[in-house]
Amino acid sequence: MPTTDFLFLPNGGGTVAKAGTGGAAREALAALFQHHAGPLVGTAVLLIGDQGLAEEVVQEAFLGLYRRWRRKGPPESPQAYLRTSVVNGCRSALRRRKVAALARVVHRVPDGSAETAVLLREEQAEVLAALESLTRRQREVVVLRFYLNLSDNEIGAELGISRGTVSSTMSRALRSLGQLLEGADR
């Protein structure tokens, strides 16, 4: 249960919403969506490499937060709840993609959106390819650090691993990325 019945809304006015009221909860969720959906979609794109699927994962995370909010009230940290939901949703999507690959189902990245055009520029494509070659945990640690600017302790809490594991995983991931990207420049 949250330690408070109130949630501060990032609407510039400092509005405080009572957690239990339906309209205020919807307003709080709308404000959370407005301020956090973009970065969460970006995180998901980096983890799974597909804009449309990333948007679906984030949408499901917000839907899960809404359901949880209605049942039990807001979590202590809605942002942490959403980040964890997105990382777990990406893991599930990657598992489904692996099963689909075994069944020879091809998933294509839609090529009509502006975001896709930006991501597919040559330099970014090389980085994304290098990122995809990392292990799942290495990729998660790198994305959470460099895209969401989380600390080792925050990454450890999100992934359920120790700070030392985060540090060693980051070190191995950066070494691998350096070798892969150095080889791509040749």
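Contact is taken to mean heavy atoms within 4.5 Å. On this basis, among contacts in the protein chain between residues at least 6 apart in sequence, 58% join residues at least 24 apart. The structure is a predicted model, in which local features need pLDDT of at least 70 and side-chain atom pairs count only at pLDDT 80 or more, whereas totals for chains, interfaces and linings use all residues. Residues are numbered from 1 along each chain as its sequence is written, and side-chain values use heavy atoms, with hydrogens and water left out.

The protein chain has 8 helices and 2 strands, where helices (H or I, at least four residues) and strands (E, at least two) are DSSP runs numbered from the N terminus. Read from the N terminus on, the order of the elements is β-β-α-α-α-α-α-α-α-α. Of the 186 residues in the protein chain, 37% are buried; a residue counts as buried under 20% relative accessible area, as exposed over 50%, and as partly exposed in between (1.4 Å probe, protein chains only).

Isoleucine 48 is placed in helix α1 and is buried, with a relative accessible area of 2%.

Between valine 86 and leucine 40, which are 46 residues apart along the chain, the C-alpha separation is 7.2 Å.

Methionine 170 belongs to helix α8 (residues 163-185) and counts as buried at 5% relative accessibility. Methionine 170 and arginine 137 are 33 residues apart in sequence and 9.3 Å apart in space, C-alpha to C-alpha.

Two packed helices are described by the angle between their axes and the distance between the axes. The axes of helix α6 (residues 136-146) and helix α7 (residues 152-159) come within 10 Å and cross at roughly 135°; axes are lines fitted to C-alpha atoms, for helices over the stretch in contact, and angles run from 0 to 180 degrees between N-to-C directions. Helix α6 is therefore oblique to α7, given that angles under 35 degrees count as roughly parallel, over 145 as roughly antiparallel, 65 to 115 as roughly perpendicular and the rest as oblique. The crossing of α6 and α7 is right-handed, a term used if the near helix is turned clockwise from the far one by less than a right angle, and left-handed if anticlockwise. Helix α6 contributes Glu140, Val141, Leu144 and Arg145 to the contact, and α7 contributes Asp152, Ile155, Glu158 and Leu159. These residues divide into 4 nonpolar, no polar and 4 charged, with Ala, Val, Leu, Ile, Met, Phe, Trp, Tyr, Cys and Pro counted as nonpolar, Asp, Glu, Lys and Arg as charged, and the others, Gly among them, as polar.

Glutamate 140, found in helix α6, is buried, with a relative accessible area of 4%. In the loop between α6 and α7 lies asparagine 149, which counts as exposed at 63% relative accessibility. Most residues other than glycine have a negative phi. Asparagine 149 has a positive phi of about 55° although it is not a glycine.

Rings of Phe, Tyr and Trp (its six-membered ring) pair if their centres lie within 6.5 Å; planes under 30 degrees apart count as stacked, over 60 as edge-to-face and the rest as tilted. By this rule the count comes to 1 aromatic pair. The pair is formed by phenylalanine 33 and phenylalanine 62 and is edge-to-face, at 4.9 Å centre to centre with 70° between the planes. Phenylalanine 33 in helix α1 (residues 22-48) and phenylalanine 62 in helix α2 (residues 51-72) are 29 residues apart, and the pair thus links distant parts of the chain. Phenylalanine 33 is partly exposed, with a relative accessible area of 44%, whereas phenylalanine 62 is buried, at 9%.
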